[in-house]
Amino acid sequence: VKSMLVNVPVSDSEIQNPEPDRPNVSINDLLAQVRLDQSKGEAFISEKIILAMDNINDQTLLILIDTDRKIRYYKRAVCYEAAALIAEDNLDFDTTSAGQIRGENQQVKTQALRRTVNYCIGSLVNEGKGKRNRVSLI
């Protein structure tokens with residue numbers, strides 16, 4: 001039965017943010033960042049979005065998400081965090097060298113997703129404080 005759900009699109013629904021002053025995130029918002037089908041199940045996807053919201057809410061406690069720009073960065077952070085959580089669930093280490101390589105590639109992907117999360121949170125935290133320091137390459 002599960003194989004029949006592979007490549008079947010996930011239906012969209014808006015996931016209620018546990019914090020009432022924060023934007024909700026839809027499954028379609030997440031699908032803009034990661035390819036998913038119904039084989040994962042809507043409950044699994046919704047739970048990962050809620051967990052991601054909790055993680056991002058904890059890191060942005062004192063920040064008011066009140067402009068279109070802040071909403072965009074907030075939703076992006078939540079979606080990339082949810083994608084990283086899903087990728088972590090899919091880590092595939094086994095005893096073969098191919099399994100080891102697959103698992104390491106998934107870890108690299110998770111780290112790349114989290115870099116985007118950190119960038120978005122940094123943009124929310126540092127808004128109005130001037131540009132963040134960047135290293136100039138000569």
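Before the details, some housekeeping. This is a predicted model, with pLDDT of at least 70 required for local features and 80 or more for side-chain atom pairs, while totals for chains, interfaces and linings use all residues. Numbering starts from 1 along each chain as its sequence is written, and side-chain values use heavy atoms, without hydrogens and water.

The chain has 4 helices and 2 strands, in the order β-β-α-α-α-α from the N terminus. These are DSSP runs: H or I of at least four residues for helices, E of at least two for strands.

Back to the pair. The axes of helix 2 (residues 42-59) and helix 3 (residues 68-89) cross at roughly 125° and come within 8 Å; axes are lines fitted to C-alpha atoms over the stretch in contact, with angles from 0 to 180 degrees between N-to-C directions.

Now the core. The largest nonpolar core holds 30 residues, and Leu 30, Ile 49, Met 53, Ile 56, Tyr 74 and Val 78 have the most contacts inside it. Such a core is a set of buried Ala, Val, Leu, Ile, Met, Phe, Trp, Tyr and Cys residues joined through side-chain atoms within 4.5 Å, buried being under 20% relative accessible area with a 1.4 Å probe, protein chains only. Helix 3 gives the most, 12 residues.

Key: Buried means under 20% relative accessible area, exposed over 50%, partly exposed in between (1.4 Å probe, protein chains only).
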